[in-house]
Amino acid sequence: MDIYNVKQQQLAGRIEEKPSLLKWRDWRWQIKNSIRNIDTFEKILGIQFAEEERASLKETLEKFPLSVTPYYLSLINVNDYVNDPVFKQSFPNSQELIHSAHDMADPLHEDKDSPVSGITHRYPDRVLFHISNICSMYCRHCTRKRKVGDKDSIPHREQILEGIDYIRKTPAVRDVLLSGGDPFMLSDNYLDWILGELRTIEHVEVIRVGTRMPVVLPYRITENLVKILKKHQPLWINTHFNHPREITASAREALAMLADAGFPLGNQTVLLAGVNDCPRIMRRLMHDLVKNRVRPYYLYQCDLSEGLSHFRTPISKGIEIMESLIGHTSGFAIPTFVVDAPGGGGKIPIMPNYIISWGTNKVILRNYEGVITSYQEPDSYEPVFCDRNCTDCDLQLSLEEAPEYQAVGIEKLLSDYDETITLIPRDNERFDRRDD
Ligand SMILES: *Cc1c(COP(=O)(O)O)cnc(C)c1O
C-alpha cells in the first residue's frame with residue numbers, strides 16, 4: 001500500500017509529463033502541485049461532478065478555498081469517493097455554506113485571548129504560538145476555517161520576535177505550543193531559528209509542535225528536519241490522524257523517523273460525522289496509532305466554527321465512543337474526549353459516568369462491563385491541613401524547584417488556605433441584589 005503505488009504513478013502522470021518517484025517524494029514538489037481547483041481535482045482523480053453540483057462547489061470555494069496534496073488525494077478510493085473519509089476531509093461540500101444560528105467565526109475566542117499577534121494565552125502556564133498561516137492541505141473541518149487562505153504567508157522575523165518577546169517576559173509560560181497553519185510549512189532553517197530563540201528562554205521547559213504533515217504530506221519529515229528538531233529537545237510532536245486509512249506506509253515511515261529520534265508523539269483526532277463517528281473505526285485508529293508509537297491524546301468534539309455543521313455529531317456520540325474504549329482496550333490507546341468551550345473556556349474533558357452513588361465511607365462504582373461494585377473508604381483519614389506554608393508540612397516539596405502559583409477555579413474551592421466558598425458567575429441577579 002502506498003510508497004508510490006500504481007495509482008500514485010498514474011496521478012503523477014496526470015500532473016506532469018515526466019513524473020518520478022524522486023519528485024513524488026519531494027515535499028516541495030507536492031506543495032507546488034497541490035490541487036487547488038475543481039477542474040484539476042476531477043482531471044487528476046478521473047471523476048466528474050454533475051453540472052449543478054459544480055456551480056455550488058465553486059460558490060463554496062469562493063468562501064473556503066481548496067488545497068490538497070497529490071499524496072493525500074491519492075488515498076481517495078475513486079470507486080466510492082462520495083463516502084470516502086479522505087475525500088470528505090479534503091473536498092468542499094456545499095453544506096459548508098449553511099450558516100446556522102449558533103455558528104461562530106472564532107468560537108474559541110482565540111483572537112480575543114491574544115496579547116500580541118500570533119499568541120493565544122488561555123491557560124496559566126502555556127501558550128499557543130501561531131508561526132505559520134499556511135497548510136499543505138486545507139482540512140474541510142478546520143476550526144480556524146475563518147483564516148484559511150486568508151493571507152497565505154509565513155510571518156516575518158519581526159512578527160515572530162514579538163511573540164517570542166511576549167513569552168520571554170512572561171515567566172509563567174513553561175510550555176509553548178507551536179501551531180498555525182502548519183509549523184512544518186516553514187523551511188528547516190527558519191524553524192531552527194525559532195526553536196533556537198525559544199530555547200534561549202530559561203522558563204520555557206517544553207516546546208510542542210502541532211502538525212498534520214505525517215498525515216497529509218509525510219515526505220515533509222526528512223532526515224534534515226529531524227536532525228534540526230533534535231537539537232531542540234525536549235520537543236513533543238502532536239499530529240492529527242482521523243481515520244485508519246490515513247496510516248499508510250509513507251505515514252508509518254514518517255512516524256518511525258520521529259519516534260526513532262526520540263520525540264514523544266501524540267495524536268489529536270476530531271470526531272467527524274461521516275468520517276469516524278463509529279466505535280469500530282475509532283478503535284482501529286487508536287490501535288494503529290499505538291502500533292506506530294503514537295499516543296492518542298485528544299478526541300475533539302467538532303467546534304462551532306462556521307461551515308462545519310455537516311461534520312458535527314451530538315456530544316453523546318463521543319461519550320458512546322469513549323464507553324467502547326475505556327476498559328475494552330489498553331489505557332494508553334485511549335484519548336481524552338474534550339469539548340473546546342465556546343467563548344474561550346478551554347478544553348473540557350467529558351467521560352461516561354462511572355460513579356453511581358455515594359454513601360458515608362462508601363462509593364458505588366460501575367465498570368465497563370456494567371458490573372456494579374463498592375469501594376469502602378477508610379474509616380479514618382487524617383487530612384493534612386494545608387495553609388500553603390510548605391515549611392511546616394511533613395510532605396516533601398523543595399520550594400526552590402517548585403515556584404508558587406495562584407490557585408485557580410475549583411482548585412480554590414477545594415483548598416484549605418483560600419476562604420472562597422463559591423464561584424459566582426458575573427451578572428448573577430441574586431448576588432447583584434445583595435448590598436455587600
Ligand atoms: C489546546 C490549547 C492549549 C494546550 O492545551 P493542553 O490541554 O495543554 O494540550 C493551549 N492553548 C490553547 C489556546 C489551546 O487551545
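Biologist: What makes the contact of E42 with R54 a salt bridge?

Modeller: The closest N and O atoms of E42 and R54 are 2.3 Å apart. A salt bridge requires a side-chain nitrogen of Lys or Arg within 4 Å of a carboxyl oxygen of Asp or Glu, so the pair qualifies. E42 belongs to helix α4 and R54 to helix α5, 12 residues apart; helices here are DSSP runs (H or I, at least four residues), strands likewise (E, at least two), numbered from the N terminus. The model is predicted: local features need pLDDT of at least 70 and side-chain atom pairs pLDDT 80 or more, while totals for chains, interfaces and linings use all residues. Residues are numbered from 1 along each chain as its sequence is written, and side-chain values use heavy atoms, leaving out hydrogens and water.

Biologist: R54 also forms a salt bridge with D39. Why is R54 called buried?

Modeller: Its relative accessible area is 12%. Buried means under 20%, exposed over 50% and partly exposed in between (1.4 Å probe, protein chains only), so R54 is buried. D39, at 42%, therefore counts as partly exposed. In this salt bridge the closest N and O atoms are 2.4 Å apart. Because R54 lies in helix α5 (residues 51-63) and D39 in helix α4 (residues 38-45), the pair ties together parts 15 residues apart in sequence.

Biologist: How do you know that R174 and D125 tie together separate parts of the sequence?

Modeller: Their side chains meet in a salt bridge at 2.6 Å, N to O. R174 lies in the loop between α8 and β3, and D125 in the loop between β1 and β2, so the linked parts are 49 residues apart in sequence. R174 has a relative accessible area of 28% and D125 one of 22%; both residues are therefore partly exposed. A network of salt bridges links D125, R126, R174 and E205.
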